[in-house]
Amino acid sequence: MKRFIYKVVAFPIALIVFFYLYAFLGDGYSDEYYLRFTSPKQSAMILGISRAAQGIQPAIIDSVLSTVYPGIDMYNFAFSLGLSAYGPVYYRAIQQKLKEDAGKGVFILEVTPWSICAAPANPNDSSAFEEEGRVLDQLHFFNMNPNIDYLFNCYSSPYINLVINKLDEHPFSLLHNDGWFEIKAPMDSLAIANRTEGMIYLYQNDFYPRFEFSSKRLEYLEATIALLQQHGDVYLVRLPAIAKILQMEKQKMPQFDIIINTVAKKYNVPYYSFIDSCNSFSYVDGAHLEKKSGCRVSTDIANLIKGSLSN
Amino acid sequence: MLFNSIYFAFFLVIVYSLYWFLFNKRLSVQNCLLLVASYVFYGFWDWRFLLLLCLSTIIDYGFGIAIYNTEKRKKLFLWLSIVNNLGILGVFKYYDFFATSFAAFLNYFGFHANPGLLNIALPVGISFYTFHGLSYVFDIYRNKILPEKNFINYAVFVCFFPLLVAGPIERAWHFLPQIKQERKFSYRKSVQGLQLMLWGFFKKIVIADSLSPIVHSIFRDNANQPGFFLITGVIYFSIQIYCDFSGYTDIARGTAKLFGFELLINFRFPYFSRDIAEFWRRWHISLSSWFRDYLYIPLGGSKEGTKKAVINILIVFLFSGLWHGAHWTFIVWGLLHALYFLPLLLLKKNRDNTGPLAPHSFLPSLRETLNILWTYILVCFAWIFFRADNMTQAFQYIKGIFTHPFYATESFDPPMYYLPFIIGIFFFVEWLCRNHDIEFFFFKFKKSYTRHAVYLFILFIIVVFGSFRENTFIYFQF
């Protein structure tokens, strides 16, 4: 019986070692989140929902701001509306990812009406927020490479996808090492029109009727600003989208800019809104900036920050 | 508790350790442990249904003794037991179906009927453990076995955790003696057990669970799928259900072996069957043999003339379909198999293919190949009804195969395009073992280190290609 037990124990050990080594093969093609949880703690971050995840490129910001923030190394830690609207879950995730003793950091917080709205019957019931029970809520370790916690609890595909997606000649997306989520979808006008139509449908039929302003989320936005101000400079940014979507946002929360301006004043942080120049950018699907436009917006944000520092 | 969950791994380690290291001195204590473990295992789903399981066990235990102790009221007690078991099944599984169907029937003739439905959840494994109980009292009634005096032994027979929720449907003459016999640790048996479990997990986690979302999306959107995808969908479902159910059985048999038990074999590579009769000797054997022994033969089998034999076959397949679930789709599935089977019976060809398959050559003969292929097509056609949500969807699916464009021009981006290769390897291994059990494959590797390398390789395949979403087993719903 001893022989049997020894052998039975040996196999799981071999398996654990194999899996641990195999997990190192995970990269930006593995999925849209994994890499964000394998990187170390960060002192300069871009936060928000998918518009920021896809639209703000850390490398561009770094290149412009390196003169005013020497050694700056921005990291995009924005996810999606279902995961990273401002609230207790995202707040805890930011705390976990934040490098606290790194000197002066930079934090760009993307704000939209949706990131301070919620879908439950009572929009201030944080226990019913969409992100509850999902990736950021489930995860215990945010800075571990390989992140076994994520792979065990959150990675829903077969583990072969950790490596196999990179063999795809035309991958749909790539998560860069700096956290920027690049969409590599076809950009011909027909493809864009189809995706935009789908996105408008989603906003009209799902987000717009379901979401309502949540003062709880606004509280957490303020708490996030207060937390990050202890570790560096905070900037609020509203990214552009196509006019039809912005119109819906205006209808949903006509007071949005007033609310954010009030928060900005309260915490003495700058607020940059790009919605007035929405027509000068191009989009992957109407809501998310296309790569080149993202590059432009990132440069503009960095220049505005730089300008604010020199004033 | 699912076999493919981390809880089961911990559960198994704990029960196994207690069983062999702490309670190995006394058989009765080991059996008590198995009973408690089985109740914990079952209670993980819904502890309330444990009461039903206990009640069913106590009643059949009592009827078993009552039938044996009386000659006068033997039949009465048998019928009471049947009514009790089928009553439980009827209330929990069939009442809503028959009430709805009867109301629809009345409505069709202009009578307005509004059936009061129970809408109660179906207890997991109810069809399996009631069939355990039924076979036990039938066998006592027919003087094939003596009733079990020890309640613990009987309760372990009914609810031994590896087979409790999806079989194999054990027989008292086969399993009770094992419960009463002192068990000694056997290295070889334990290794065989782990081999079976490994193969079962491979089938379930790598193949069945990977195919599940593909099959689901093809059936759900069948109205928009080209014919080729619809055919792929039903082929994939045939593989999914086989790997899911036989995977469960392998894990169950393997787990039982770890505790020193042998369970009935439930599958013998059914997709290599050369006719439908052979298919039913290879697919869900414990159920088909149950129906044969306790329904077909008592009805007279084929010994009372052709007409009676035909009716008996129709009844058996009708019940076989109904056993799977209270839906018209299952009934049609059963009757289709009856239609496939009847020509063989009438032409007295139903026992033509009882011998081994391609025993002297690696490949089957052309005739065997064509027969296997034809049988597989028939089985797949019936699976459409089995998998469809309702009859309308089943007919729409079949119609789509013939009327939709065969292939869509837009790029077909099959998710998990490695799957056909894995399935190919899987069937190759199954073919190697076609006249044996899966252990035959593992012991083909004579040197222990090559065998260990094969185990490790399969483990790696499971980890890398497996789907770990704790998908439940299809047959749990029955």
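Begin by selecting Lys348(B), which lies in the loop of chain B between α14 (328–346) and α15 (366–387). In this predicted model, Lys348(B) has a phi near 55 degrees, a positive value in a residue other than glycine. With a relative accessibility of 70%, Lys348(B) counts as exposed, because the cut-off for that word is over 50%.

Next, move to His284(B), whose place is in the loop between α11 (276–282) and α12 (285–296) of chain B. His284(B) is not a glycine either, and yet its phi is positive, at about 40 degrees. Is His284(B) buried or exposed? Its relative accessibility is 1%, so His284(B) counts as buried, the cut-off being under 20%.

Colouring by accessibility would show that, of the 478 residues of chain B, 58% count as buried. Where contacts in chain B link residues at least 6 apart in sequence, 77% of them join residues at least 24 apart.

Then bring chain A into view and select the place where the two chains meet, at which 23 residues of chain B are in contact with 17 residues of chain A. Which residues of chain B lose the most area to chain A? They are Tyr187(B), Val463(B) and Val464(B), which together account for 29% of what that side buries. Between them, chain B and chain A bury about 1,900 Å², and 83% of this is on carbon and sulfur atoms.

Staying at this interface, look for links between the chains: the rule finds 0 salt bridges across it, while it finds 4 residue pairs in polar contact, both residues at pLDDT 80 or more. On the side of chain B that touches chain A, at least two residues each are supplied by α1 (6–22), α9 (187–220) and α19 (448–465). The largest share of that side, 8 residues, comes from α19(B). Sorted by class, the side of chain B that touches chain A has 19 nonpolar, 3 polar and 1 charged residues.

For the last stop, go to chain A and select Asn145(A) and Pro146(A), which are joined by a cis peptide bond with an omega of about -5 degrees. Pro146(A) is found in the loop between α6 (135–138) and α7 (148–153) of chain A.

Terms used. Residues numbered from 1 in each chain as written. Chains lettered and ligands numbered in written order. Predicted model: local features only at pLDDT ≥ 70, side-chain atom pairs only at ≥ 80, totals over all residues. Heavy atoms only, no water. Contact = heavy atoms within 4.5 Å. Buried area = accessible area lost by both parts, 1.4 Å probe. Salt bridge = Lys/Arg side-chain N within 4 Å of Asp/Glu carboxyl O. Polar contact = N/O pair within 3.5 Å; in protein donor to acceptor, adjacent residues only side chain to side chain. Helix = DSSP H or I, 4+ residues; strand = E, 2+ residues; numbered from the N terminus. Nonpolar A, V, L, I, M, F, W, Y, C, P; charged D, E, K, R; others polar. Buried < 20%, exposed > 50% of the residue type's maximum accessible area, 1.4 Å probe, protein only.
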